[in-house]
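Me: I have just opened this one and it is new to me. Please start with a single pair of strands, and I will ask around from there.

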Amino acid sequence: MGKEGELNLKSVFLPFLSTSHIIPLVDMARLFAIHGIDVTIITTPGNATVFQKSVDLDSSRGRSIRTHLVNFPAAQVGLPPGIEAFNVDTPPEMAPRIYMGLAILQPCFEQLFHDLRPDFIVTDMFHPWTVEAAAKLRIPRIMFHCINYLALSAAHAVEKYAPHLAAKSDSDRFVLPGLPDRLEMTRLQLPDWVRSPNQYTELMKTIKESEKKSYGSLYNSFYDLESAYYEHYKVVMGTKSWGIGPVSLWANQEASDKAARGYAKEEDEEEEGWHKWLNTKAESSVLYVSFGSMNRFPYSQLVEIAHALEDSGKDFIWVVRKNNGDEEGEIFLEEFEKRVKESKKGYLIWGWAPQLLILENPAIGGLVTHCGWNTLMESVNAGLPMVTWPLFAEQFYNEKLVVDVLKIGVSVGAKEWRNWNQFGSEVVKREDIGNAIGVMMSEESEELRRRAKTLSDAAKRAIQNGGSSHNNMKELIRELNQIKLSKAQKTTPTP
Ligand code: UDP
């Protein structure tokens, strides 16, 4: 244990109700516990299943960390039991009710902040109200930003200069003004709530305001990855922040940590299956194809992916989800799986894959990714080049970072942003997927690979003693200790 926690700092972490926000924030909470700070994570029972194993592991190692459960008011908002998160199985029409449930829970969370008496709270960006809650308790609120400095800088440029309004058409390219690099986009690649402001636009404004009023923000990023954007964002926002990534690497050092992350299966039969299969493959020869925790493709798109993978001639692991009710599509995928199993060219994982374990396997040579920020950080850490295929949220900005700034990715040329719970109208063709895979896995892409490896080394340095993320963590804990100390001195009567 570090001596940073010598004043017995107590913290409360409040994640959002969605898998890919929970995973990195819980990794951060676990890092604070590693540094000797007392940690309580507040969530609902359904959401706790994503990370409870990791917390139990840490607790068995003697770390001061636990989960505090609060029941989700499903019946009150008319939801069936078990639907209490925004994830791939959440029917789109139920999403507003989850927000309603969250609003009902707000006073309960606030009461817990009061009762648990933390010295500071770390809460997801989607809980902007926690700024006021922390102010009432006179403790710092630290915001967890689920994305990166480049994406936030790009979003800020669009908000401030509205370059998309001057574009001649939806597919006309425009430059994002005022950024450290020349980055171009089209209107169709922007979120719908930017193109046509709605309630979500208001929520994003509230979140930005809450960031300004917070003590500071935590990022799953590291300085050398996007230093120019870190500096840029600091200037435009005037806020404090600490990049302490890659948190997946720092908090999950043991194989048991990596296996426990997310919806790990009880029985490890399937895990052994992919492991055995990968171990028969040559170094850097296998593609890992995954689109995160929230996406589901229509069969028309799955068919294009399947053909692209088969035609590429490369070996692959594909994490895939079925769409119930499409019989033709299901038969196609069953036959596809049978074929690639027989030829030993491919391995399909249905549902949830142990991504950290797979990415660190030496046989993996690159990814096809939807550019979710956690996955990008995990791939950078593993030193892998990527085929980029952004879909929703800030993923089109993330593609700019990977392809144009870091130059470790090849784009499939996705043209249209869509909501995470919609199919959208774009179907990326097998030729476009195949071409991008071909370039990324070719011998000419040696430079791409070299740069990815250099970044991987930088990621590992960042979390070591003296590295930027390590220093940031120490500095933040020092400040929090200082705040606690000066409070104690103010309340201690002088003799
Ligand atoms: N993940 C995983 N197995 C899966 C799908 C996702 O372990 O089958 C993890 C992945 O390692 C990452 C997170 O879930 O940490 C997904 O977050 P990301 O930001 O990449 O995408 P999102 O789920 O938000 O689209």
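Reply: Strand β10 (residues 286-290) and strand β11 (residues 315-320) run parallel and are joined by four bridges. Strands here are DSSP runs of E with at least two residues, helices are runs of H or I with at least four, and both are numbered from the N terminus. Two strands count as paired if DSSP finds at least two bridges between them.

Me: Ok, and what stands opposite V286 in β11?

Reply: That is D315. Before going on, please keep in mind that this is a predicted model, in which local features need pLDDT of at least 70 and side-chain atom pairs count only at pLDDT 80 or more, while totals for chains, interfaces and linings use all residues. Residues are numbered from 1 along each chain as its sequence is written, and side-chain values use heavy atoms, with hydrogens and water left out.

Me: Fine, so how confident is the predictor, going by the mean pLDDT?

Reply: The protein chain has a mean pLDDT of 94, and 96% of its residues reach 70 or more, where pLDDT is the predictor's confidence in each residue on a scale from 0 to 100. For the complex, the predictor gives an ipTM of 1.00 and a pTM of 0.96.

Me: Which sheet does it sit in?

Reply: It belongs to an open sheet of six strands with parallel pairing, in the order β12-β11-β10-β13-β14-β15. At its edges are β12 (346-350) and β15 (409-411), each of which pairs on one side only. Neighbouring strands are turned by 20° against each other on average, direction ignored. Within this sheet, strand β13 (residues 364-369) and strand β14 (residues 386-388) run parallel with three bridges between them, and V368 stands opposite V387 in β14.

Me: What about the open sheet with seven strands, what order do they come in?

Reply: The order is β3-β2-β1-β4-β5-β8-β9, and the pairing is parallel. Its edge strands are β3 (65-69) and β9 (241-243), which each pair on one side only, and the twist averages 25° from one strand to the next. Three bridges join β9 to strand β8 (residues 216-219), and S217 has S241 in β9 as its bridge partner.

Me: Which helix lies across β5, β8 and β9?

Reply: Helix α6 (residues 149-161) does, running at about 140° to β9. Such angles run from 0 to 180 degrees between N-to-C directions, with axes fitted to C-alpha atoms, for helices over the stretch in contact.

Me: Changing topic, what does T19 touch?

Reply: T19, found in helix α1 (residues 19-34), touches V50, F86, N87, Y263, S293 and W352, leaving aside residues up to four places away in sequence; contact means heavy atoms within 4.5 Å. T19 is buried, with a relative accessible area of 4%.

Me: Where is the cis peptide bond?

Reply: The bond from G245 to P246 is cis, with omega near -5°, and P246 lies in the loop between β9 and α11 (247-251). Most peptide bonds are trans, and most residues other than glycine have a negative phi. K344 has a positive phi of about 60° although it is not a glycine; this residue lies in the loop between α15 (327-343) and β12 and is exposed, at 54% relative accessible area. A393 also is not a glycine and has a positive phi of about 45°, in the loop between β14 and α18 (395-405).

Me: Last one, how many helices and strands are there in the chain?

Reply: The protein chain comes to 21 helices and 15 strands. Its radius of gyration is 23 Å, close to the 23 Å that the globule rule gives for 495 residues, so the chain is as compact as a globular protein of that length. That radius is taken over C-alpha atoms, and the rule is 2.2 Å times the number of residues to the power 0.38.

Terms used: Buried < 20%, exposed > 50% of the residue type's maximum accessible area, 1.4 Å probe, protein only.
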